[in-house]
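Grab a pencil and take a look at the model below.

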Amino acid sequence: MSNPDLACVIGPTRRLLIGRFATAIGLAGVLGQGLTPRPAAAASAKLQPTDIGYQAKPRGGLRCEQCVNWQAPSSCKVVAGVIDPNGWCGLFRVRT
Ligand code: SF4
């Protein structure tokens, strides 16, 4: 897949150097993707309990185990950390 016109202009040594340079650039890109932290992926996608008013007790009879976001035995789809089944937060939505 070489270009014969380009081969006439640049010699084998230059082609070799250009090829190695291109390989190095590509390799650096691949390695860089693996080593560079991606903020969106590195950070937790869940909210912190303090940010949404989580409390480890029911509110008005509403509690986490009744919520659509509840995940037994002690977690939540949208709130980070250990979540009490009898807790509650501002994102409560009753499971139907
Ligand atoms: S009330 Fe809040 S913490 Fe509890 S399950 Fe629902 S969203 Fe999660």
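This is a predicted model: local features need pLDDT of at least 70, side-chain atom pairs count only at pLDDT 80 or more; totals for chains, interfaces and linings use all residues.

**Exercise 1.** Work out the order of helices and strands along the protein chain.

*Solution.* Start by counting: the protein chain has 3 helices and 2 strands. Then read along the sequence, and you get the pattern α-α-α-β-β.

**Exercise 2.** Find out which kinds of residue surround the ligand.

*Solution.* First, the head count: 14 residues make up the surroundings of the ligand. Next, pick out the closest ones, which are Cys64, Cys67, Asn69, Cys76 and Cys89. Finally, sort the shell by class: 12 residues are nonpolar, 2 are polar and none is charged.

**Exercise 3.** Track down the largest nonpolar core and follow Phe92 from there.

*Solution.* Step one: this core has 10 residues, among them Tyr54, Trp70, Val79, Ile83, Trp88 and Phe92. Cys64, Cys67, Cys76 and Cys89 belong to the core too, and those four cysteines are also among the residues closest to the ligand. Step two: set aside the neighbours of Phe92 within four places in sequence, and its contacts are Leu62 and Cys67. Step three: zoom out to the whole protein chain, where buried residues make up 11% of the 96 residues.

Methods. Residues are numbered from 1 along each chain as its sequence is written. A residue is near a molecule or strand if its C-beta atom, placed from the backbone, lies within 6 Å of it. Ala, Val, Leu, Ile, Met, Phe, Trp, Tyr, Cys and Pro count as nonpolar, Asp, Glu, Lys and Arg as charged, and the others, Gly among them, as polar. A nonpolar core is a set of buried Ala, Val, Leu, Ile, Met, Phe, Trp, Tyr and Cys residues joined through C-beta atoms within 7 Å. A residue is buried if 20 or more other C-beta atoms lie within 10 Å of its own, exposed if 12 or fewer, and partly exposed in between; C-beta atoms are placed from the backbone. Two residues are in contact if their C-beta atoms, placed from the backbone, lie within 7 Å. Helices (H or I, at least four residues) and strands (E, at least two) are DSSP runs, numbered from the N terminus.
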